[in-house]
Amino acid sequence: MEYKLRKAEPKDVPDILRLVKELAKYEEMEHQVILTEKDLLEDGFGETPFYHCVIAELQGDGASSEDPRVVGFAMYYFTYDPWVGKQLYLEEFYVMDQCRGLGIGSEILRHLSNLAMKTRCTGMMFVVAENNEPSVQFYKRRGAEDLSQEEGWRLFRFDMKSLVKMATPAEE
């Protein structure tokens, strides 16, 4: 089966959200997906994009349609580490189960690695669910370091309630 990678376009937003939900279901976290197509469209394709996205399309397989079908994606953005400089942060990465083993995931990582090098990034950062052993092994086979074990980093988050509380001036 032939596939190609390309930069996501606004027309891809429904497929991006579909794949986000598939990944969340795989990770047994689908109830946490509250994002809408409108959010993805505004946040990724507006005046100041907050993310970038590359998609993998499977070319017409002859069975049902000749139109390409979106079967994978990677959502990323650039960050800055004051110790080492620019980093590409891989926020979300997913290839549909029935399309794994075709080299799509490896090609997406190759594409992002080339992009990181062209933009003079010093590395690529990402988070993997602890119970997602196939993905952990996929990344380790390609040379990824597990910083949670190597350096002892912990991942934290402030949710919206915490942000509101911190942003509200203290009463005197």
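Reader: Where is E57 found?
Author: E57 sits in strand β2, which covers residues 52-58; strands (E, at least two residues) are DSSP runs, numbered from the N terminus. This is a predicted model, in which local features need pLDDT of at least 70, side-chain atom pairs count only at pLDDT 80 or more, and totals for chains, interfaces and linings use all residues. Residues are numbered from 1 along each chain as its sequence is written, and side-chain values use heavy atoms, with hydrogens and water left out.

Reader: Ok, is E57 buried or exposed?
Author: E57 is buried, because its relative accessible area is 6%, and buried means under 20%, exposed over 50% and partly exposed in between, with a 1.4 Å probe and protein chains only.

Reader: And which residues are linked with E57 in a network?
Author: A network of salt bridges links E57 with R6, E9 and D12, where a salt bridge is a side-chain nitrogen of Lys or Arg within 4 Å of a carboxyl oxygen of Asp or Glu.

Reader: Switching topic, what about R100 and D97?
Author: Their side chains also form a salt bridge, at 3.4 Å from N to O. R100 counts as partly exposed because its relative accessibility is 37%, whereas D97 is exposed, with a relative accessible area of 54%.

Reader: How many salt bridges does the whole structure have?
Author: A search of the whole structure finds eight salt bridges.

Note on methods. Helix = DSSP H or I, 4+ residues; strand = E, 2+ residues; numbered from the N terminus.
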